[in-house]
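Have the viewer open as you read.

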Amino acid sequence: MTTARSESDLRSLDRARMHTIFKPLDSEERLPGEQVIAGKRFRSVGRWELAGAIWLPSLVVIMVLGQLTNAPSSIALAAVGLTFLGLLGFALAGDGRLHLK
């Protein structure tokens, strides 16, 4: 007949003898390459990536608005240049990451 087990018996990792079998993790040890790649896959979006994602739709909007209003090409080129400089300034403004998750 089996004896009744307590909750502490079922937690094998909490037992004192487990600390004698396994050494503690080293905080200075480097990660394997697979874990480094997996960490990069789920990183947050930075300012450079966000500016790059906004760049192409803004060009399309400038072209469509230029065609609808019959704007001269010099105004359209100025709008493209100002948009580029604005997005470049946004990307360079901060080193921190934007957490969009």
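## Burial and surface

A residue counts as buried under 20% relative accessible area, exposed over 50%, and partly exposed in between (1.4 Å probe, protein chains only).

## Where the model comes from

This is a predicted model: local features need pLDDT of at least 70, side-chain atom pairs count only at pLDDT 80 or more, and totals for chains, interfaces and linings use all residues. Residues are numbered from 1 along each chain as its sequence is written, and side-chain values use heavy atoms, leaving out hydrogens and water.

## Layout

The protein has five helices and two strands, running α-α-α-β-α-α-β along the sequence. Both kinds of element are DSSP runs numbered from the N terminus: helices are H or I with at least four residues, strands E with at least two.

Take the contacts (heavy atoms within 4.5 Å) between residues at least 6 apart in sequence: 78% of them join residues at least 24 apart.

## The aromatic pair

Searching the whole structure turns up one aromatic pair. The ring centres of W55 and F84 sit 5.5 Å apart with planes at 70°, so this is an edge-to-face pair. Rings of Phe, Tyr and Trp (its six-membered ring) pair if their centres lie within 6.5 Å; planes under 30 degrees apart are stacked, over 60 edge-to-face, and the rest tilted.

W55 belongs to helix α4 (residues 47–69) and F84 to helix α5 (residues 73–93), so the pair ties together parts 29 residues apart in sequence. W55 is partly exposed at 26% relative accessible area, and F84 is partly exposed too, at 41%.
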